[in-house]
Amino acid sequence: MERLDKFLANAGAGSRSQVKLLLKAGRVLVNGRPETNGSRHIDPQKDAVLLDGSALGAPRSGVWMLNKPAGFVTATEDSGPTVMELLPKAMRKTFRPVGRLDKDTEGLLLFTDDGDLLHRLISPRNQVPKVYYARHEGIATQEDAAAFAQGLTLKDGTVCLPARLEPLGNGESRVTVCEGKYHQVRRMLASRGMPVTYLERIQEGGLCLGDLPRGAARELTEKERRALEIACGRKGSE
């Protein structure tokens, strides 16, 4: 048995808040009758759930990690190669990337068909840390690290949350952010006079790439998934 609102979120209907609106609007039918109570428990194998007349089957609800190579766009469709092409074919219709890595950035990229988990992971409110290794021009200083810690305001007025900059030596740094604005790490370093020449995401929410080869993908273990859920504030089955 499973709560109806969790079932809908896992099936890709939207975040928990979006699912509440769908239920309130009467757009969800359970066994042919409108259902507005998201806390109702259903059996996905026996109960027929329809959203706007379309059936929703039992969700797979999985989480995978990819070691993204450069040259692939983080999108479900594009004129060039996308990260979806690196996943098993059976996953490409239902799984979605969690956030984005730009075309030239490599490293850890998560995918899931769990809509609620996806929204929790990308929400700045949940402060899920993402760690990057960067090679750049110039040398990062403690003054730069202090500016990152205070929260940078970029030239176009974009305000960044406080972040962590760890200088690693001549032209190398580790950067930790808890949000995912457009080209954020590159723009933050450039704003301090350190244009990026190479960028790799090495960790997210406590997950590391380990020995996963570049271009390869694998499913998270149950232990890894639970740790990720805790990192984004989803504890238990609520």
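Guide: A salt bridge is a side-chain nitrogen of Lys or Arg within 4 Å of a carboxyl oxygen of Asp or Glu. This is a predicted model: local features need pLDDT of at least 70 and side-chain atom pairs count only at pLDDT 80 or more, while totals for chains, interfaces and linings use all residues. Residues are numbered from 1 along each chain as its sequence is written, and side-chain values use heavy atoms, with hydrogens and water left out.

Visitor: How many salt bridges does a search of the whole structure find?

Guide: Side chains of opposite charge can pair when their charged atoms come close. Searching the whole structure for salt bridges gives 20.

Visitor: Is Asp5 buried or exposed?

Guide: Buried means under 20% relative accessible area, exposed over 50%, and partly exposed in between (1.4 Å probe, protein chains only). Asp5 forms a salt bridge with Arg3 at 2.7 Å, N to O. Arg3 is partly exposed at 27%. Asp5 has a relative accessibility of 7%, so it counts as buried.

Visitor: How many residues apart in sequence are the parts that Asp52 and Arg27 tie together?

Guide: Asp52 and Arg27 form a salt bridge, with the closest N and O atoms 2.6 Å apart. Asp52 sits in the loop between β5 (49–51) and β6, and Arg27 in the loop between α2 (16–24) and β2. Helices (H or I, at least four residues) and strands (E, at least two) are DSSP runs, numbered from the N terminus. The pair therefore ties together parts whose separation in residues is 25.

Visitor: At what relative accessibility does Arg214 count as partly exposed?

Guide: Arg214 meets Glu106 in a salt bridge at 3.1 Å, N to O. The two are 108 residues apart, with Glu106 in strand β9 and Arg214 in the loop between β14 (207–208) and β15 (217–219). Glu106 is buried at 14%. Arg214 is partly exposed at 37%.

Visitor: Which are the edge strands, each pairing on one side only?

Guide: Two strands pair if DSSP finds at least two bridges between them. The open sheet has four strands, antiparallel, in the order β3-β2-β5-β6. The strands that pair on one side only are β3 (33–34) and β6 (54–55).

Visitor: Which residue in β3 is the bridge partner of Leu29?

Guide: Strand β2 (residues 28–30) and β3 pair in the antiparallel sense over two bridges. In β3, Leu29 is bridged to Pro34.

Visitor: Where is the place of Ile202?

Guide: Ile202 is partly exposed at 27%. Contact means heavy atoms within 4.5 Å. Beyond its neighbours within four places in sequence, Ile202 contacts residues including Leu108, Val131, Arg174 and Leu209. Ile202 belongs to strand β13.

Visitor: What is the relative accessible area of Thr82?

Guide: Thr82 lies in the loop between β7 (63–68) and β8 (96–97). Leaving aside neighbours within four places in sequence, its contacts are Phe72, Val73, Ala75, Thr76 and Glu77. Thr82 is buried, at 4%.
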